[in-house]
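Here is a short tour of a few side chains, with the cut-offs spelled out along the way. Have the viewer open and follow along.

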Amino acid sequence: AEPLFRSRDKALHGKKEKDDEEENDDGDDLFLAQYKAKRLKELKECAQAQKVDGNLVHLTPTTFESSIDAKDASFVIVHLYDDAIEACRTMNTCLTCLAATYG
């Protein structure tokens, strides 16, 4: 009779552990949702505070360093490309559109 009770006790104990895990998961989900909302708000505020130039500038190896250093605290996207490659031409078109939209 003793092994039967041990099996039942283990089953009840296992159910309690599972319930505790589910409660912890609910708490984790709530925490993650709150953290995500807070972080998105911070990122939006930061993005609004950033100055956007919105210029697409073609640089040469000789003008690269001085142009990048002159940008102060702005973000700079560097796209190394070759006009002979179609994907590079497509990317340049996309960058031109983005600069016009956000500039």
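Is Tyr35 buried, partly exposed or exposed? With a relative accessibility of 46%, Tyr35 is partly exposed; buried means under 20% relative accessible area, exposed over 50%, and partly exposed in between (1.4 Å probe, protein chains only).

A word on the ground rules: this is a predicted model, where local features need pLDDT of at least 70 and side-chain atom pairs count only at pLDDT 80 or more, while totals for chains, interfaces and linings use all residues. Residues are numbered from 1 along each chain as its sequence is written, and side-chain values use heavy atoms, leaving out hydrogens and water.

There is one aromatic pair in the structure. Phe31 and Tyr35 make up this pair, stacked with 6.3 Å centre to centre and 20 degrees between the planes. Rings of Phe, Tyr and Trp (its six-membered ring) pair if their centres lie within 6.5 Å, and planes under 30 degrees apart count as stacked, over 60 as edge-to-face and the rest as tilted. The two residues are about one helical turn apart because they sit four residues apart in helix H1 (residues 2–49); helices (H or I, at least four residues) and strands (E, at least two) are DSSP runs, numbered from the N terminus.

Now for the cysteines: the disulfide count is zero, a disulfide being a pair of cysteine sulfur atoms within 2.5 Å. Cys97 is in none, and the nearest cysteine sulfur, that of Cys94, is 6.6 Å away.

Accessibility for some residues:

| Residue | Relative accessible area | Class |
|---|---|---|
| Phe31 | 52% | exposed |
| Cys88 | 12% | buried |
| Cys97 | 46% | partly exposed |
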